[in-house]
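Please look over the sequence and the model shown here before reading the report. The sections that follow take up the overall layout, the sheets, and some local details of the backbone.

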Amino acid sequence: MGSKRSIRVHPKYGLNPTVPVCFWCGEDTGEVALMGAAIKGKAPSKAIINYEPCAKCKMNMAMGLVVIECTSYQRDDHQVQMQPGAFPTGRWCVIRRESGFVQDMQEPQRSQILQAGMTFMEPASYEKCGFHHPLMDHPATKQ
Ligand SMILES: [Zn+2]
């Protein structure tokens, strides 16, 4: 069955469409989101509307464990937490399940991470681990 989610039409901008941009890679998802009256003004032509990865990122993320750099505080008013107290910075990478990083972990963290398929990491630790896979770094952090 199709989605029956109804849109509250914006009094001035109608369906108020925007092209969602993938938070993880910064590319268009190739979809159109109808914002309607869910936002105050006119929807921007492109916007990050959620933390849903695009098809390409989803594929990359499925190759191993996803390490997501997060701060525990909100860095600006618009920032939305991904989980309570986890505000992603946009930097992330995928590490192999059999990597030393995972193997050297203590239990129960190791099992928890393997089960979740992902982990959040404070910027300081993220730097220390040297997680800079050139292919998977966020475009915004590229020099
Ligand atoms: Zn993406």
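## Terms and basis of the model

Two strands are said to pair if DSSP finds at least two bridges between them. Strands themselves (E, at least two residues) and helices (H or I, at least four) are DSSP runs, numbered from the N terminus.

This is a predicted model, in which local features need pLDDT of at least 70 and side-chain atom pairs count only at pLDDT 80 or more, while totals for chains, interfaces and linings use all residues. Residues are numbered from 1 along each chain as its sequence is written.

## Confidence

The predictor's confidence in each residue is given as pLDDT, from 0 to 100. The mean pLDDT of the chain is 86, and 89% of the residues reach 70 or more. Among the elements, strand β1 (residues 17-20) has the highest mean pLDDT, at 95, whereas helix α2 (residues 100-103) has the lowest, at 84.

## Overall layout

The chain has four helices and six strands, and read along the sequence these follow the pattern β-β-β-α-β-β-α-α-β-α. Among contacts between residues at least 6 apart in sequence, 65% join residues at least 24 apart.

Burial is judged from C-beta atoms placed from the backbone: a residue is buried if 20 or more other C-beta atoms lie within 10 Å of its own, exposed if 12 or fewer, and partly exposed in between. Of the 143 residues of the chain, 20% count as buried.

## The sheet built on β4

Three strands form an open sheet in the order β5-β4-β6, with mixed pairing. Because β5 and β6 stand at the edges and each has a single partner strand, one side of each is left without a neighbour in the sheet. Neighbouring strands of this sheet are turned by 25° against each other on average, direction ignored; the axes behind such angles are lines fitted to C-alpha atoms, for helices over the stretch in contact, and angles run from 0 to 180 degrees between N-to-C directions.

Strand β4 (residues 65-71) has five of its seven residues buried, and it is therefore largely enclosed by the rest of the structure. With strand β5 (residues 87-95), β4 pairs in the antiparallel sense over six bridges, and Ile68 has Trp92 in β5 as its bridge partner. With strand β6 (residues 118-121), β4 runs parallel and is joined by four bridges; here Val66 has Met118 as its bridge partner.

## The sheet built on β1

Another open sheet is formed by three strands in the order β2-β1-β3, and its pairing is mixed. The edge positions belong to β2 (33-34) and β3 (46-47), each with a single partner strand, so one side of each lacks a neighbour in the sheet.

Strand β1 pairs with β2 in the antiparallel sense over two bridges, and Thr18 stands opposite Ala33 in β2. The pairing of β1 with β3 is parallel, again over two bridges, and Lys46 in β3 is the bridge partner of Val19.

## Local backbone details

Most residues other than glycine have a negative phi, and most peptide bonds are trans. Asn16, in the segment before β1, has a positive phi near 50° although it is not a glycine. Asn16 counts as buried because it has 20 C-beta neighbours inside 10 Å.

A cis peptide bond joins Glu107 and Pro108, with omega about 5°, and Pro108 has its place in the loop between α2 and α3 (109-116). Of the eight residues of α3, the number buried is zero, so this helix lies largely in the open. Just after α3, Gly117 takes a positive phi of about 80°.

Definitions and conventions. Contact = placed C-beta atoms within 7 Å.
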